[in-house]
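Hi,

Here's the structure I said I'd pass on to you. Have a look at it first, then read on for what turned up.

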Amino acid sequence: MTSSQEQFGAHAAKYAQSEIHRAGPSLPVLLDFAAPTRQDRALDVATGTGHTALALAPRVAQVTGLDLTEAMLAHARQQAGAAGLANVTFQPGDAEALPFPDAAFTLLTSRHAPHHFHHLDRFLAEAFRVLEPGGRLVIADQISPTPELQPWIDTYQRRRDPSHVAQRTVAAWRELARAAGFGWARDTLVPYRLEFGWWVAQSGCAPETVRALREHAASLTAEEQDAVGLHFGEAGELVAHTEQMLVVRLEKR
Ligand SMILES: C[S@@+](CC[C@H](N)C(=O)[O-])C[C@H]1O[C@@H](n2cnc3c(N)ncnc32)[C@H](O)[C@@H]1O
């Protein structure tokens with residue numbers, strides 16, 4: 001079992017019900033950048049409990065949601081059934097080895113998930129392969145402000161969720177997208193303020209993990225704390241952090 005399957009398998013129900021994951025502010029921006037049409041054959045990679053695939057379904061001809069974790073897919077299928085959506089299917093599979101023929105889709109999306117992928121270059125190569133020429137890939141994923149702060153951020157995120165792999169900078173994303181053959185069409189950053197108590201509860205963190213996270217936050221200078229988006233209360237306690245979500249439209253030209 002992978003660390004993603006372990007982590008998301010244990011917390012699938014919380015994820016399915018979380019309002020910020022279901023309808024948080026990256027979703028309308030992703031949909032705007034994707035510009036879905038009734039002709040699109042869409043694939044949502046690492047769909048989780050299907051929030052993005054379910055939002056796409058009424059706007060496209062058909063959509064497939066793919067994920068490593070069966071427990072997440074079970075919630076996605078249930079929600080599709082409850083909403084009466086007949087053009088969405090969910091299946092297990094790995095983002096780094098997409099189980100589809102070349103040029104099978106016109107639109108790919110992946111929201112709040114690529115920071116879990118071990119080899120982003122393999123995912124991007126696979127995305128390029130399964131897209132038709134003229135197709136687009138729209139990503140929403142959290143980024144690090146600088147390469148210097150990325151190791152601190154990755155440690156912070158991984159303590160809370162061991163399936164976290166890497167929170168890359170926008171420059172790293174640009175280089176990886178270019179190397180895979182994509183044109184970089186359009187991007188923006190969408191801030192997510194996440195309350196600390198809620199954030200650790202979502203991942204089921206033990207009290208010693210919460211303590212370690214607070215200590216990790218205290219290990220930065222005030223300037224670095226500001227740069228990584230940490231927020232402190234009047235008594236100096238950590239109350240929240242703001243993650244910047246990169247939303248980007250890549251094109252197979
Ligand atoms: C934060 S959740 C997904 C969020 C979802 N896309 C949304 O819009 O709400 C991350 C998901 O990535 C999945 N995942 C992680 N690595 C994966 C991989 N290599 N291939 C497919 N799914 C993966 C996990 O199982 C988990 O369901």
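One definition before we start: two strands pair if DSSP finds at least two bridges between them. Helices (H or I, at least four residues) and strands (E, at least two) are DSSP runs, numbered from the N terminus. Do keep in mind that this is a predicted model, where local features need pLDDT of at least 70 and side-chain atom pairs count only at pLDDT 80 or more, while totals for chains, interfaces and linings use all residues. Residues are numbered from 1 along each chain as its sequence is written, and side-chain values use heavy atoms, with hydrogens and water left out.

First, the overall picture. The protein chain has 12 helices and eight strands. Its C-alpha trace spans about 55 × 40 × 30 Å along the principal axes. A compact globule of 253 residues would have a radius of gyration near 18 Å, and the protein chain agrees, with 18 Å (taken over C-alpha atoms; the globule rule is 2.2 Å times the number of residues to the power 0.38). Of the 253 residues, 53% count as buried; buried means under 20% relative accessible area, exposed over 50%, and partly exposed in between, with a 1.4 Å probe and protein chains only.

Now to the strands. Strand 2 (residues 62-67) has five of its six residues buried, so it is largely enclosed by the rest of the structure. Strand 1 (residues 41-45) pairs with strand 2 in the parallel sense, over five bridges, and Val45 stands opposite Leu66 there. To get from strand 1 to strand 2, the chain crosses through helix 5 (residues 51-56), and this β-α-β crossover is right-handed. That word means that, with the strands pointing away from the viewer, the path from the first strand over the helix to the second runs clockwise.

What is the bridge partner of Leu66 in strand 3? It's Gln91. Strand 2 and strand 3 (residues 88-92) run parallel and are joined by five bridges. Here the chain crosses through helix 6 (residues 70-83), again in a right-handed β-α-β crossover.

UniProt, in an unreviewed entry, lists residues 43-139 as "domain: Methyltransferase type". The span is 32% helix and 31% strand, and its end C-alpha atoms lie 12 Å apart.

Ser4, Gln7 and Phe8 are buried in helix 1. Seen down the axis, the buried residues of helix 1 fall within an arc of 85° (of the directions from the helix axis to the C-beta atoms), so they line one face of the helix. Glu6 and Ala10, on the other side, are exposed. The cover over the buried residues includes helix 2 (12-17), helix 6 and helix 8 (150-160).

Lys14 lies in helix 2 and, at 32% relative accessibility, counts as partly exposed. Lys14 and Ser203 are 189 residues apart in sequence, yet 8.8 Å apart in space, C-alpha to C-alpha. Met245 sits in strand 8 (residues 238-251) and counts as buried at 3% relative accessibility. Leaving aside neighbours within four places in sequence, Met245 is in contact (heavy atoms within 4.5 Å) with residues including His112, Asp141 and Tyr192.

Cheers

Notes
UniProt positions are given in the numbering used here, feature names are shortened, and annotations may be inferred rather than shown by experiment.
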